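Here is a short briefing for a reader who is meeting this structure for the first time. Please look over the sequence and the model before reading on.

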Amino acid sequence: MLVKLLAVAPGHRMHREQVIDTCWPDAHRQAAMSSLRVAVHTARHAFQPELRPREQSAYLLLEGEFLTLAPALVTVDADEAETLANAALAEPVTAAGQAARLRAALEALREELLPEDPYVEWLSARRAELSLLRDRVVHTLAETHLAGGRPDEAVALLEWFLSRSPADEPAHEWLVRALLALHRPDRALRQYDTARRALEAELGARPGAVLEQLRRTASAASWSAAEAPPQSPVPAAIRHAVRTPLFGRDQALRVLTADEPGTPPLTLAAGEAGIGKTRLAAEAAWTAHRRGALVLWGASHEAEGQTPYALWAEALDSWLAGRSAAEQQAVATDHPALASLVPALGPAPVSDVGPEEERARLFHAVGGLLEGMATTSGQGVLVVLDDLHAADLGSLQLLYHLVRRTGMRSWRFVATCREDELHSDPDRRRVLGAALRQGLARRVDLMRLSERDCSRLVVGLCGETPSSPERVSDIVRLSAGNPLFASELARLINSGLPSPGSAGPGTAGLPESVRAAVDARLDRLDRPARALVDVIAAAGGDVSLAEAVEAARSGLYPPLEGAEFAAAADRVLAAGLVEERELASAGRNVPGYGFRHPLVRLACYERLTAARRRVLHGAHGDAVLRQRPDAVDALAFHFVQADDPRAVTWLRRAAERAAALYANDSADGYYTELVARLDASGDLDAAAGARHEHGLILRRLARYPEAERALRSALDCWTDAGAADSAARSLAALAEVLCSAGHPKEARALLDEAAIPGGEVSAGALALRQLASSYTDFALGRYQQSLAAATDAEAVARSASGGADGHRVPLLLGRATGNRALALAMLDRHEEAQRAARESLGHAEQAGDVGLLTTVLSMLGNLALQDGRYGEARTVLNRSLALAERGGNPTLIAFERGNLARLDLLTGDVEAAHAGAVAAVDLVRPFGVSWCLAYCLAHLAEVSVRRSDWTTAETALRECAELARESGDAQVLDAVDRITGELAHARGDG
C-alpha cells in the first residue's frame with residue numbers, strides 16, 4: 001500500500017505523518033509508527049531484495065520526515081500516460097498523425113488506476129484527474145475523426161465510451177454530430193433521447209443548448225429526408241379487417257386508449273373466447289393511429305404451437321414489410337440481434353456467446369428498436385399483442401422486460417388474453433402477476449354484453465327493425481351476450497337460413513351456435529370451395545396466397561389450381577368465413593388468407609378426417625419449405641402433424657433455435673416430441689443426445705425430477721454404447737441436477753461409483769466432471785475438496801482451448817473460478833475469494849452467459865454483505881436479480897429475492913425483508929424439493945424471529961432443518977443452528 005500511496009501523491013512525496021493518517025488512522029501512535037517501519041522495510045526489499053541491513057534504498061528515500069520515490073529510477077505509468085495525453089491534446093486536431101497520437105494516449109489511459117483497490121478513498125482524487133483527462137482525449141479524438149472524414153470511427157469510439165460513461169454530455173454531442181455526418185438523422189434523434197434520459201437519471205439535468213440545437217438539426221434532416229411528414233401505416237392485420245359495430249365497450253375503450261402520465265405501460269384485456277377482445281384492441285389501435293402514434297400488431301396462433309417470440313416476430317416483420325430496403329438495412333445494422341427473430345433482416349450473425357446472453361441481446365435490441373420508433377414517431381408507439389395466452393413464455397418475458405424499462409419512454413402495450421388458458425400455466429401467470437403487482441400493468445375484464453347492447457349489435461348487423469323483435473330476442477338468448485356468437489348467428493339469419501335451435505358446448509368445446517353457423521355456410525359451398533377451406537384450416541393460422549396455392553395443388557385430389565383455385569377463393573370469401581389479408585413474409589407484404597375468428601377455423605378444422613389432415617399438413621410443410629425455409633417452427637409443426645419422417649430434422653432445428661433464444665418452454669415442447677419420435681424410430685444414439693439436451697432445458701425450468709429422468713436415460717444409453725465422452729458429459733449434468741434437486745449425497749455417490757466406459761474423453765468433458773464434483777462437495781459442506789476439484793477443473797479447462805470445446809473455455813473457466821471463490825469464502829479466505837470472484841466475473845462477461853453472471857454477481861453481493869458494504873451489496877444483488885429474471889430460472893430468482901430480504905433485514909427494513917422472504921418461498925415452493933427452498937425458508941425464519949412471529953419462525957426452521965439434514969447442506973445446517981439460538985434468545989428461553 002505504501003508504494004501505491006506514494007505513486008499517486010504529488011511529486012511522489014509525502015510526510016510520514018500524512019502516511020500514518022492515511023494508512024492507519026485509528027491506530028495508537030506507537031503502533032502506527034511500528035506499522036510504518038514494517039511497511040518501509042517491506043517496500044525497500046520489494047524494490048531491492050538484495051538490500052543489506054541499514055543500507056539506504058536507491059528507490060524509496062527517507063529525507064527527514066518525508067518519504068519519496070526516487071524520481072530518476074522510479075517511473076509511474078499513470079504519469080507517463082498523463083504526459084502522453086497532454087502532449088497529444090496540445091496539437092491541433094488537423095495535425096498530421098494526430099489521431100494516432102490520441103489513440104495511443106487513450107490506450108494508455110484506458111484502464112482504471114489500480115483496479116484491484118476499487119474502494120480506497122485516497123485514490124479518488126488521482127482517479128478523477130485521470131478520468132477527466134481520458135474524457136478530453138475521447139472528445140478530441142472524436143473531433144479528429146470527424147475533421148478527417150471518418151465519422152464511422154467516431155461513432156464506434158463514442159459508443160464504447162458512452163457504455164462506460166452514459167451521462168457524458170459532450171460525448172453525446174459528438175456522437176450526434178457523427179451520426180448526422182453519416183446521414184443518419186433518425187438514429188441521431190434516438191441518441192438525443194438516450195442522452196436526455198441518462199442526464200435526467202444520473203444528474204437530474206436536461207440537455208444543454210448545444211445538444212438541443214443538434215436535436216433540431218437532426219429533426220429537420222429527418223423530415224427533409226422524407227417526401228411527406230411521417231405517417232405510419234395501420235398494421236396489415238387490422239387494415240382490412242371487418243370492423244363490426246362496437247357496443248357496450250365505451251369505458252373499456254377509454255381505459256385502453258388512456259395515455260395520461262402515470263398510466264401503467266401495459267393494459268391487459270381479458271375475457272372468454274369471442275367476447276370481443278381483439279375487436280376492442282383493434283379499435284384502440286385505430287384510435288392511437290389517428291393520434292399519430294406508430295402502431296405495431298402481433299398475434300399468437302394457437303394451432304402453430306408456442307413458436308419462440310412469435311408475437312414479436314409477427315409485429316416487427318409486419319412493420320418492416322412497409323419499410324424501404326435502405327430502412328431495413330439500417331435496422332439490421334443498428335440491431336443485429338434482431339436477425340434471429342426477423343429473417344427479413346438477413347442471416348443472423350454467428351453467435352459467440354451463450355444462449356442467456358443471446359437472449360439478453362435480443363431483448364436489448366427489441367427495446368432499442370422500439371425506442372427509436374418512439375423518438376421518430378413524435379406521438380409514441382402502441383404495440384398490440386393479441387392472444388397473449390397462446391404465446392410462448394419468452395414472449396411474455398420480453399414484454400415484462402420492456403414494460404419494466406418504460407420509464408419516460410413513449411411506448412405503450414395492449415395485450416389480449418383468455419383467462420381460462422392461463423390457469424394451467426403457472427409460469428405465464430407469474431410473469432403477468434408480477435407486472436400487475438408492480439403497477440406496470442392494469443387489467444380490463446370484458447364481460448358479456450347486456451341484453452340491450454347485444455340487441456343493438458344484432459340490429460346493427462341484421463338491419464332488423466323493432467317490428468320483428470322475436471328474431472333479435474332469439475339471437476340474444478342463444479348467444480348469451482357473447483359478441484362473436486351473436487355476430488355469427490346474426491349473419492346466419494341475415495343470409496336467409498334458419499337459426500340453430502340451441503346453444504351449448506360441443507364435443508370440441510365449440511358452442512353449437514358457432515358450429516351450426518359455420519356448418520350452414522360450408523353446406524352452401526361447392527366441393528372445390530369446401531376443399532379450399534380445408535386447405536386454409538390446416539394452415540394453422542394465416543396463410544400466404546403462394547403457400548395456399550402450393551398446398552391446394554399437392555394436397556387435394558383432384559388438385560385445385562389456376563382459374564379453378566381463383567374461382568373457389570372468390571366463393572369462399574363471399575361466404576364470409578375467410579377474408580383476404582396482407583401478411584408479412586421475408587420482409588415484404590404478400591397477399592394471403594385468414595379466418596375471421598379462431599373459433600371459425602377450429603370449427604372448420606374439426607370437420608377434417610385424420611387422413612385429410614395428414615395429407616394437408618404435409619402439403620403445407622412442402623410449401624413452407626419452398627417459400628420460407630427458415631421458418632423452422634412452422635416446418636416442425638406441419639411435418640409433425642403430417643407424421644412425416646422429416647419432422648425429426650425440423651423438430652431438432654426448432655428446439656435448438658428455441659434453446660438459443662432461451663425460449664425454454666418452447667424448447668421443452670420440441671424436445672419432448674423429438675425424443676418420442678426418435679425412440680419410435682429406434683435411433684438410440686440420436687435419442688440419447690436429444691434427451692441430454694432436453695435435460696439441460698428442464699434444469700433451466702427447475703423441473704428437476706424430469707431433468708433427472710432424461711439425463712439418466714441418456715447416460716445409460718451412452719454407457720451401453722461405449723461412448724465415453726458423451727457419457728462423461730451426461731454424468732456431470734446429472735450430478736448437478738441431483739444437487740439442484742436437493743440430493744447432493746446421491747450426486748456424490750453417482751460421481752464416485754458410475755462406471756464410465758473406456759475410451760477417449762475430451763478435456764471439456766473432464767472439466768465438466770470436475771465442476772460437478774466441486775459443486776457436489778460444496779453442497780455437502782466439503783469445502784476443501786470442493787476447492788481442489790474447482791482448481792483441477794480450471795487447469796483442465798485451460799488445456800481445452802485448442803480442441804473441440806475451445807469456444808466453451810471462458811464459460812468453463814468462469815464456472816471453475818466461481819466454484820473456487822465459493823469454497824474459499826466458506827474457508828474464511830475472503831481476500832482470495834474476492835480475487836477469484838472478480839476473475840470469474842471477467843470470464844463470465846467474456847462468455848456472455850447470463851446464468852453464470854447471475855451466480856457470480858450473487859457471490860460478490862454476498863461477500864460485500866458479509867463485509868458490511870451494504871450499499872454495494874444492494875447494487876450488485878439487484879443486478880443479479882435482474883439477470884436471474886432475464887434467464888427465467890425460478891430457483892435463481894427466489895434465491896436472489898431471499899438474499900435481498902436478508903439485506904433489508906440487516907439494514908433495518910423488517911417489513912420489506914418479510915415481504916421479500918415470503919415472496920421467495922412462494923415462488924420456489926411449487927417446484928418441490930430443491931437446493932433453493934431450504935435457503936429461502938432460512939431467510940423467512942430469520943425475518944420472522946425479528947418480527948416476533950414465533951410460530952412462522954418455528955415452522956420454517958423445522959422444515960428447513962429437515963431439508964438440510966436430508967441433503968447434507970452444511971451451510972443451511974449452520975444457519976438453522978444460528979437462527980434457532982436467536983429464536984431462543986428472543987423468546988427468553990434461557
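For the charges discussed here, Lys and Arg count as positive and Asp and Glu as negative, while His and the chain ends are not counted. On that basis, the mean positions of the 107 positive and 131 negative charges of the chain lie 3 Å apart. The model is a predicted one.

**The chain as a whole**

- The secondary structure of the chain comprises 46 helices and eleven strands.
- The radius of gyration of the chain is 33 Å, which agrees with the value near 30 Å that a compact globule of 990 residues would have, and the C-alpha trace spans about 115 × 70 × 60 Å along its principal axes.
- Of the 990 residues in the chain, 54% are buried.
- Among contacts with a separation of 6 or more, 66% are between residues 24 or more positions apart.
- The accessible surface amounts to about 42500 Å², and carbon and sulfur atoms contribute 53% of that surface.

- Strand β5 (residues 294-299) pairs with β6 in the parallel sense over six bridges, and alanine 299 stands opposite aspartate 386 of β6.
- Strand β7 (residues 411-417) runs parallel to β6 and is joined to it by five bridges, with phenylalanine 413 in β7 as the bridge partner of valine 383.

Definitions and conventions
Residues are numbered from 1 along each chain as its sequence is written. This is a predicted model: local features need pLDDT of at least 70, side-chain atom pairs count only at pLDDT 80 or more; totals for chains, interfaces and linings use all residues. Side-chain values use heavy atoms; hydrogens and water are left out. Two strands pair if DSSP finds at least two bridges between them. Helices (H or I, at least four residues) and strands (E, at least two) are DSSP runs, numbered from the N terminus. The radius of gyration is taken over C-alpha atoms; the globule rule is 2.2 Å times the number of residues to the power 0.38. Buried means under 20% relative accessible area, exposed over 50%, partly exposed in between (1.4 Å probe, protein chains only). Contact means heavy atoms within 4.5 Å. Accessible areas come from the Shrake-Rupley method with a 1.4 Å probe; for residues, only the protein chains shown count as cover. The place of a charge is taken as NZ of Lys, CZ of Arg, CG of Asp or CD of Glu.
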